[in-house]
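Please look over the sequence and structure shown here. A short briefing on the sheet, the helices and the core follows.

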Amino acid sequence: MKFIFLIYNVVIENRVMEELEKAGVKTYTKLPSIHGVGTHSVPHLDSLIWPGVNHGLFIAVQEEKKDEILNRMKELKSIYEKEGLKIFVLPLEEVL
């Protein structure tokens, strides 16, 4: 199994969720209001100087589902280059 961690600007949440639904993702854990500074977008620190926040999603998937999700997120990332979308894929050894 794989563990996917998505971090994305709240502005593109509807598009992220639409693509995950198309990929058949039905379960996830959402982390609302994540603050952060990246290299491809302005900081999202929910302040007067740097407004905006990100959301995060933890998604556990079977190996064969990972590629479809990554392809959909890569396409979104190319469309929304400045808004911020980061994808991390980690091995998932065990779920209790």
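In what order do the four strands of the open sheet lie? The order is β2-β3-β1-β4, and the pairing is antiparallel. This is a predicted model, in which local features need pLDDT of at least 70, side-chain atom pairs count only at pLDDT 80 or more, and totals for chains, interfaces and linings use all residues. Residues are numbered from 1 along each chain as its sequence is written, and side-chain values use heavy atoms, with hydrogens and water left out.

**Terms for the elements**
- Helices (H or I, at least four residues) and strands (E, at least two) are DSSP runs, numbered from the N terminus.
- Two strands pair if DSSP finds at least two bridges between them.

- The edge strands, each pairing on one side only, are β2 (29-34) and β4 (85-91).
- From one strand to the next, the twist averages 15°; axes are lines fitted to C-alpha atoms, for helices over the stretch in contact, and angles run from 0 to 180 degrees between N-to-C directions.
- Four bridges join β2 to strand β3 (residues 54-61) in the antiparallel sense, and lysine 30 stands opposite leucine 57 in β3.
- β1 and β3 run antiparallel and are joined by eight bridges; phenylalanine 3 is opposite alanine 60 in β3.
- β1 also pairs with β4, in the antiparallel sense, over seven bridges, and leucine 6 has isoleucine 87 in β4 as its bridge partner.
- Seven of the eight residues of β1 are buried, so β1 is largely enclosed by the rest of the structure; buried means under 20% relative accessible area, exposed over 50%, and partly exposed in between (1.4 Å probe, protein chains only).

**Helix α1**
- Helix α1 (residues 13-22) lies across β1 (2-9), β2 and β3, and runs at about 155° to β1.
- Glu13, Val16, Glu19 and Leu20 are the buried residues named in α1. They are on the same side of α1 because they cover an arc of only 135° around the axis, taken from the directions from the helix axis to the C-beta atoms.
- The face turned away from that buried side carries the exposed residues Asn14, Glu21 and Lys22.
- After α1 comes glycine 24, whose phi is positive, near 85°.

**The core**
- The largest nonpolar core has 15 residues, and Leu6, Val16, Leu20, Ile59, Ile69 and Met73 touch the most other members. Such a core is a set of buried Ala, Val, Leu, Ile, Met, Phe, Trp, Tyr and Cys residues joined through side-chain atoms within 4.5 Å.
- β1, α1, β3 and α2 each supply at least two residues of this core.

Key: Contact = heavy atoms within 4.5 Å.
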